[in-house]
Amino acid sequence: MTATPPATPPHLTVDELAARAGVTVRTLRFYSAKGLLPPPELGPRRVGQYGPEHLGRLELIEELQRQGLTLAAIERYLAQLPEDISSLDLAIHRALVASWTPEAAEEATRAQVARRAGRPLTDADLDRLTAMGALHRTADPEVFKVDPGLLPLGVRVLDVPIPLETLVAARAVVRLHSQATAHDLHRLFRETVWKPYRESDPPAEELARMKLLTDQIQPMVVQALVTAFQRSLADELAEERTEERAAD
């Protein structure tokens, strides 16, 4: 299940795109030369104009680089994505990629957050982004810790008429069930895989290799959980539509 919002016409200049993504123009041009970014559309006076898909792809590239992927590996990753992938789907990919590593929240002022968001942010907007976990407040009311993976998704949700209390409740539900799932999966793996392996008295080098493989399993588990949730949500929506048709 993927979201495909209406396309937004390109309107960002190369300088504005670089500022929104938090990179230099030189870095942006380097990615373009490597074929990691599609060419811009030509606007008036043949000035290149970039849209949300360019920004989403650029943010995904930066996230993959932060995880240590080489340019060749990033190119292979991007090649697997649909050509018409939306900016929202790119943001979901980035959030998934970011979830594979420990949280690395970045501190930013209110003005810097607004610049990253590409729009002015009211107090209500900041409250909603905080409720979604995209922002975390600090002792300074003008400084926030930003979750770089969730911020692009959070900004998109700002335009959806969801009450603040619903966002808070939804986050609580997600955290409750995700913590329970993580606990059960960890216990299952520890009791059925890790404990028997340690008791088999493996050589030190094999023990180290097993620990490395365990760390590499995490991305697959995250992807499996997200896929299972998407299918469950699709089933719920389909069942609701069936019930509505039956009622009509």
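Which helix does Glu59 lie in? Hi everyone, let's start there: Glu59 lies in helix α3, residues 52-66, with helices taken as DSSP runs (H or I, at least four residues) numbered from the N terminus. Before going on, this is a predicted model, where local features need pLDDT of at least 70, side-chain atom pairs need pLDDT 80 or more, and totals for chains, interfaces and linings use all residues. Residues are numbered from 1 along each chain as its sequence is written, and side-chain values use heavy atoms, leaving out hydrogens and water.

Back to Glu59: its relative accessibility is 10%, so Glu59 counts as buried (buried is under 20% relative accessible area, exposed over 50%, partly exposed in between, with a 1.4 Å probe and protein chains only). Setting aside neighbours within four places in sequence, Glu59 touches Arg20, Arg94 and Pro152, where contact means heavy atoms within 4.5 Å.

Now, a helix pair. Helix α7 (residues 123-131) packs against helix α9 (residues 164-199) at about 15 degrees, axes 9 Å apart; axes are lines fitted to C-alpha atoms over the stretch in contact, and angles run from 0 to 180 degrees between N-to-C directions. That makes the two roughly parallel, the word for angles under 35 degrees. On the α7 side we have Asp127, Arg128, Thr130 and Ala131, meeting Leu164, Leu167, Val168 and Arg171 of α9.

And what about Tyr31, buried or exposed? Tyr31 is buried, at 2% relative accessible area, whereas Phe30 is partly exposed at 38%. Thanks, everyone!

Definitions and conventions
Parallel < 35°, antiparallel > 145°, perpendicular 65-115°, else oblique.
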